[in-house]
Amino acid sequence: MKTPFRSGAALLAGLCLMASCQKHLTVSKSEYKQYGIDQQVGADSAIIRYYQPYKDKMQAEMNRVVGQTEVALTKPSAPETLMGNFFADAMLKEGLKKDPAIQFTLATKGGLRTTFPKGNITVSHVFELMPFENEMVVLKLSGPNVQQVIDFIAKKDGEPVSGIRMKIRDNKAYDVTIGGEPFDINKTYNLLTYDYLADGGDELECLRNPLERHEINQKVREALFENISDLTRQGKKITAQLDGRIVSDK
């Protein structure tokens, strides 16, 4: 099944192909004249007629409803948010289909670029939430390396996570569990995140040197679409709950 992103890319490729088939115009040096472009230059109706069908088709696709939310998925300044939980849970659910060894997921608050309103959710909403072409990545981390991740989450007073739970006091984490088991610094763990963070983005330098790293050939946005599509096919709405996965004692 084609994803909305791939459909849009196909439209763009088609437009470029059509443009390349047009007769080439050769201008000699003597025919050259420079024109200024400002607000006084009117729209070219011929150009508009050329691209309008593609624009209309793309707009129709972006306005297509893919699911519905029970409540607005917001992301206030808090250790745990509805949008953060939905995002991290969706990543974990879809990631496990590719790699059952995944134990927990990590995103960052700054990476979630919008919220979902209550009601209809469109293709555009998902693109606005994750406008980047980030690939999901699985990192095998040593216990001390996971401790660095935990310290990062505590320092930030919470980040979007799934599969890991903790309490935070004075910017320090305690009562940490991963996959329902107490964190053990002598074990290794499999973290699902995306390439930007795995490459050290958003101050996550601790992720740059894992024991192992592999991509699962799925973009984060594609995982979100798959998760929402599954819910819609089952007659369910998009939802999330604040379940205490991160509690701050502030």
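This passage describes the predicted model of a protein chain, from its overall composition to selected residues.

The structure is a predicted model, in which local features need pLDDT of at least 70 and side-chain atom pairs count only at pLDDT 80 or more, while totals for chains, interfaces and linings use all residues. Residues are numbered from 1 along each chain as its sequence is written, and side-chain values use heavy atoms, with hydrogens and water left out.

The average pLDDT (the predictor's confidence in each residue, from 0 to 100) of the protein chain is 88, and 84% of the residues score at least 70. Over residues 9-13 the value falls below 50, and this stretch has three contacts in the model beyond near neighbours in sequence; a contact here means heavy atoms within 4.5 Å. Residues 15-23 likewise have pLDDT under 50, with five contacts in the model beyond four places in sequence. Where pLDDT is low, the predicted coordinates should not be read in detail.

Seven helices and eleven strands make up the secondary structure of the protein chain. These elements are DSSP runs numbered from the N terminus, with helices (H or I) of at least four residues and strands (E) of at least two. Among contacts in the protein chain with a separation of 6 or more, 79% are between residues 24 or more positions apart. The accessible surface comes to about 14,400 Å², and 52% of this area belongs to carbon and sulfur atoms. Accessible areas come from the Shrake-Rupley method with a 1.4 Å probe, and for residues only the protein chains shown count as cover. Of the 250 residues, 42% count as buried, where buried means under 20% relative accessible area, exposed over 50%, and partly exposed in between (1.4 Å probe, protein chains only).

The largest nonpolar core contains 59 residues, of which Phe-86, Phe-87, Phe-116 and Leu-207 touch the most other members. Helix H3 (residues 82-98) contributes the largest share of this core, with seven residues. Such a core is a set of buried Ala, Val, Leu, Ile, Met, Phe, Trp, Tyr and Cys residues joined through side-chain atoms within 4.5 Å. Leaving aside neighbours within four places in sequence, the contacts of Phe-116 include Thr-69, Leu-73, Met-83, Phe-86, Ile-121, Leu-129 and Ile-228.

Tyr-50 belongs to helix H2 (residues 45-62) and is partly exposed, with a relative accessible area of 32%.

The whole structure holds 16 salt bridges, each defined as a side-chain nitrogen of Lys or Arg within 4 Å of a carboxyl oxygen of Asp or Glu. In one of them, the closest N and O atoms of Arg-221 and Glu-133 are 2.6 Å apart. Arg-221 lies in helix H7 and Glu-133 in the loop between helix H4 (123-129) and strand S4 (135-141), so the pair ties together parts that are 88 residues apart in sequence. Arg-221 is buried, with a relative accessible area of 2%, whereas Glu-133 is partly exposed at 35%.

Another salt bridge joins the side chains of Lys-140 and Glu-212 (3.9 Å, N to O). Because Lys-140 lies in strand S4 and Glu-212 in strand S10 (residues 212-219), this pair ties together parts that are 72 residues apart in sequence. Lys-140 is partly exposed at 28% relative accessibility, as is Glu-212 at 47%. A further salt bridge is formed by Asp-243 and Arg-245 (2.8 Å, N to O). Salt bridges with shared partners join these two residues, Asp-89 and Arg-165 into one network.

Gln-241 occupies the loop between helix H7 (220-233) and strand S11 (246-248) and is exposed, with a relative accessible area of 62%. Not counting residues up to four places away in sequence, Gln-241 touches Glu-80, Leu-82 and Asn-85. Gln-241 and Glu-80 are 161 residues apart in sequence, and their C-alpha atoms are 9.5 Å apart in space.
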